[in-house]
Amino acid sequence: MSLLVAVTWETQPWVERFRRHLPDRDIVVLGESFDKAAVRYVATWGPKPGSLSGLPNLEALFSLGAGVDHLMGYPDLPDVPIVRVAQDDLTHRMSEYMVLHCLMHLRDQRRFDEDQTAKRWRPDRAPPIAGDVRIGIMGFGVLGQDSARKLKTMGFDVAGWSRTPKSVDGFQVFAGEEGLTPFLNRTDILIALMPLTPDTKGILNRSLFERLARGGALGGPILINAGRGKLQVESDILSCLDDGILQAATLDVFETEPLPKDSPLWTHPRVTVTPHNSATSEPEATARYISQQIRRYEAGEAFENVVDRVRGY
Ligand code: NAP
Ligand code: GLV
């Protein structure tokens, strides 16, 4: 049996990793000749259209990341379980990013960076403390909940919002359309950690930003999006920053990636840009995780973190 590595970048390093973790298997790659009937598993990210067809004995598809929107629109997506990455290495990276950026906004660190560049000594402001700031996490799944716990440890007042009602120890969780406005009304820093689906596309728009809390400790609402770029309407973010509906934003993901050089987001004084690396799937940890899933499955256990195709995540 073989594992097909269907990626569009760094193919050879992925092959070598899987050979190390699955030494008893054939690891084959797109673009070279291989026996299609022998392929039981595919590990993939952003496959080219048509490349996953004609594998008659395929048993599972592994996404090399947490999100699966790169597969959902794929024509002729094979009808096998899709397993996504949900593992500590990636989860901890995302929580580190969220703690970093929430603290940066709390302490107005961008202003001190500018002051240092200008050699300006301005210790003239007592910042609020974390307990004064309400964080709202849209997408209260694996990543949202871990970030919530770590932000709560820092003292922030954290709540979540998810598609379906849920009870998570220590947190108020709002759900669905009826929970959205009350959730936004109590939120000073809005974190987006949702998957991209037809329901969430463009959800981070002016009408949503207008419902965020006013009069909070940070002087205006702040957006942090590390979910997917197409959750956000960038023209609305820019106009809301300009008319004070938003105070600042940290964006890790963008409508178009890489972020085009002429995007005004690059140079906006109240936007922090990172290159979709808040939580990269560290290759070694990801190859280990997928290999473990294969061994579990072959030992008669179910795959973990299987995507629900109807929900789209
Ligand atoms: P997850 O465990 O599946 O959680 C997704 C959360 O979003 C769930 O709470 C879900 O609600 C909620 N949700 C989905 N659709 C919704 C809707 N229409 N309305 C309200 N809530 C909705 O996923 P995860 O592992 O936390 O990952 C979340 C996303 O983060 C990924 O899909 C990916 O796009 C992104 N990501 C980005 C990076 C990066 O480097 N920037 C890295 C990893 C992941 P329910 O709980 O009710 O199902
Ligand atoms: C990265 O964006 C992922 O979905 O893992």
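The shell around ligand 1 takes at least three residues from domain 1 (2-87 + 281-298) and at least three from domain 2 (88-273). The domain bounds come from an automatic or database domain assignment. A residue belongs to a shell, or is near a molecule, if one of its heavy atoms lies within 4 Å of it.

Before I go on, some housekeeping. This is a predicted model, where local features need pLDDT of at least 70 and side-chain atom pairs count only at pLDDT 80 or more, while totals for chains, interfaces and linings use all residues. Residues are numbered from 1 along each chain as its sequence is written, chains are lettered from A and ligands numbered from 1 in the order in which they are written, and side-chain values use heavy atoms, with hydrogens and water left out.

Back to ligand 1. There are 30 residues around it, and Arg84, Val142, Thr164, Lys166 and Tyr313 come nearest. Sorted by class, 14 are nonpolar, nine polar and seven charged. Here Ala, Val, Leu, Ile, Met, Phe, Trp, Tyr, Cys and Pro count as nonpolar, Asp, Glu, Lys and Arg as charged, and the others, Gly among them, as polar.

Now the polar contacts, meaning pairs of N or O atoms within 3.5 Å. The side chain of Asp252 has an N or O atom 3.0 Å from a nitrogen atom of ligand 1. Ligand 1 taken alone exposes 940 Å², and the protein buries 93% of that. Accessible areas come from the Shrake-Rupley method with a 1.4 Å probe; for residues, only the protein chains shown count as cover. The elements giving two or more residues to this shell are α3 (88-106), α5 (142-153) and β7 (157-162). Helices (H or I, at least four residues) and strands (E, at least two) are DSSP runs, numbered from the N terminus.

What surrounds ligand 2? The residues are Trp45, Gly65, Ala66, Gly67, Leu90, Arg228, His276 and Ser281. By class, that is three nonpolar, four polar and one charged. Oxygen atoms of ligand 2 lie 2.7 Å from a backbone N or O atom of Gly67, 2.7 Å from a polar side-chain atom of Arg228 and 2.6 Å from one of His276. On its own ligand 2 has 190 Å² of accessible area, of which the protein covers 85%.

His276 has another feature: a positive phi of about 45°, although it is not a glycine. His276 sits in the loop between β12 and α9 (283-298). Is His276 buried or partly exposed? His276 is partly exposed, at 32% relative accessible area; buried means under 20%, exposed over 50%, partly exposed in between (1.4 Å probe, protein chains only).

Notes: Polar contact = N/O pair within 3.5 Å; in protein donor to acceptor, adjacent residues only side chain to side chain.
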